[in-house]
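Student: I have not seen this structure before. Could we go through it with a few questions?

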Amino acid sequence: MWPEIIREFLPELLPKLYFERVRLPAAPQRATKSKSALAVATMAAVIALLAVSLPFRALAQKPTSASATADLPAGPMQAKATTACTECHEARIILQQRLSKAAWTKEVDKMTKWGALVDPADRDALIDYLSANFGPDKPAYEPPRTTDKIASGKSK
Amino acid sequence: MNSRRDFLKQISGAALAAGITPLLSQALLQGQAVEFPGEDGMILRSFRFVDLESPVEYFNTWLTPVPHFFVRNHMYEPTELDADDWRLSIGGEVERPLTLRLAELSKFEVHSVVNTLECAGNGRSLHRPQVPGIQWGKGAVGTARFSGPRLRDVLQRAGIKSTGKHVMFRGLDEVPGKVPPFIRSIPVEKALDADTLIATHMNGSALTKHHGFPARALVPGWIGAACCKWLTEIKVLEAEFAGNFMSPAYRLPNQPMNPSDTVKPEDTHPVTALTAKSVIAGPSDGASLKTGRVVVQGAAWAGEADVAKVEISTDGGSTWSAAKLGHEQAHYAWRLWNYEWKVGKRGDYTILSRATDSQGRTQPASPVWNPSGYLYNAVDQVKIHVA
């Protein structure tokens with residue numbers, strides 16, 4: 001079971017754990033190609049280390065942090081909206097909006113013009129999905145706070 | 001794409017299979033604060049790209065510490081920023097185009113300006129009907145001492161031609177998809193102001209990556225969007241830069257409008273200087289207090305103008321009393337203020353704050369709605385309970 005989990009989730013988990021280990025000064029913006037050979041070597045070493053220690057680390061160490069990025073809500077358009085929107089920005093930018101259907105229509109058309117991959121056949125369903133979940137009648141989104149403390153609980 | 005949450009569900013499934021207590025899997029799934037090195041207690045509006053808001057209770061120091069200073073990004077921060085490789089080009093309508101290294105830039109005379117920097121969209125979430133954009137509460141604002149060469153000294157070395165009327169800034173932020181790049185311009189008069197800087201330092205330290213390392217424009221008293229981060233190109237233009245972030249973005253209607261109206265582009269103007277505004281930092285909205293002495297405190301600013309007075313009402317706006325302004329002041333910086341209130345009676349109260357500036361502008365009782373939710377500056381309020 002563990003090797004499958006590692007294979008499946010390592011690409012997603014790696015930036016976070018790598019980030020904690022080397023204490024980069026800034027949060028990762030997105031997955032980027034490392035140009036330096038040293039960084040590649042470091043990554044390889046981290047992967048090797050993780051392959052051995054991941055199951056133990058994940059269970060023995062209580063994470064103290066929430067997920068950095070949020071998810072879109074369930075619904076028939078969840079997967080397509082995730083593909084179209086979160087290629088460029090995380091879901092939290094959508095989660096915090098409270099817009100009418102007319103306003104969502106403008107947003108979807110603007111974002112499509114700006115490169116969001118929306119099949120013309122899906123446009124209306126996407127607008128309906130966003131309007132239904134993020135209309136003006138919904139309660140305000142409660143954003144999380146940041147913490148400078150790393151997972152071990154020690155301050156930076 | 002699989003999320004971290006999915007991964008944790010898998011992990012906890014595995015934990016259960018291995019006979020590990022469900023309590024641990026609950027702990028693994030619990031949502032808590034998001035780790036963010038160097039940024040503590042900030043309101044996370046967006047992680048990718050980074051948008052962080054200061055909680056108003058941080059507005060209790062005249063200079064905002066950098067880890068508590070709001071961050072607004074339209075795009076991704078530059079992946080690679082090397083001080084040695086960084087170059088700043090100055091071109092367009094100039095006699096002698098220049099390219100400066102950081103070491104060369106640092107040889108110009110250094111000037112410091114304490115400036116209150118506010119995102120044009122600060123308070124957007126308070127507009128009704130709501131408008132699209134980052135749903136800032138009250139905290140996309142902060143005050144810092146910015147230092148670096150004057151923009152005019154650099155421009156004068158290049159020699160502005162008489163045809164040069166606007167100055168464009170381009171940063172190194174990385175643009176996703178077909179999104180237009182974040183390029184904006186300011187009129188040459190503001191660019192040549194003695195307090196407009198190419199800032200390299202903030203509160204005495206080199207700019208951090210989130211705040212535009214190694215250099216950003218600092219256009220004092222103006223909206224944050226005028227102050228381009230990761231600055232790499234300055235271009236003198238004959239006219240205002242033509243691009244999304246000059247029009248249709250960052251424009252206000254020339255006349256007040258209703259949400260049901262549409263406004264033509266020619267009936268709008270760029271958002272430039274900030275307006276008169278105050279924010280209550282304490283007591284917090286929803287606080288429960290005891291009778292006796294209550295200190296109401298906060299900050300007030302007015303862009304290019306000075307704060308003339310801040311008034312407080314504790315009876316929902318029927319009567320107003322002057323707050324005491326803090327002694328720390330600078331032309332473009334906010335004033336901290338406080339008001340000592342003696343509460344004798346238990347009950348629910350609405351505390352209001354209202355700033356008036358040296359140009360006679362006063363915060364309006366209700367917000368001035370506009371399609372993008374810029375320059376929200378209605379009278380601030382918190383509701384408290386006295387037990």
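Student: In what order do the three strands of the open sheet in chain B stand?

Tutor: This is a predicted model. The sheet is open and its strands pair in antiparallel fashion. Its order in chain B is β2-β3-β4.

Student: Which strands of chain B stand at the edges of that sheet, and why is one side of each without a neighbour?

Tutor: A strand at the edge has a single partner strand, so one side of it is left without a neighbour in the sheet. In chain B this applies to residues 43–46 and to residues 71–72. These edge strands are β2 and β4 of chain B.

Student: Which residue in β4(B) does B:D51 stand opposite?

Tutor: Strand β3 of chain B covers residues 51–53. Two bridges join β3 to β4(B), and the two strands run antiparallel. Opposite B:D51 stands B:R72.

Student: What share of the residues in chain A is buried?

Tutor: A residue counts as buried if 20 or more other C-beta atoms lie within 10 Å of its own. Chain A has 156 residues, and the buried part of them is 26%.

Student: What is the mean pLDDT of chain B?

Tutor: In chain B, 92% of the residues reach a pLDDT of 70 or more. The mean pLDDT of chain B is 92.

How values were computed. Residues numbered from 1 in each chain as written. Chains lettered and ligands numbered in written order. Predicted model: local features only at pLDDT ≥ 70, side-chain atom pairs only at ≥ 80, totals over all residues. Pairing = 2+ DSSP bridges. Helix = DSSP H or I, 4+ residues; strand = E, 2+ residues; numbered from the N terminus. Buried ≥ 20, exposed ≤ 12 C-beta atoms within 10 Å, placed from the backbone. pLDDT = per-residue confidence, 0-100.
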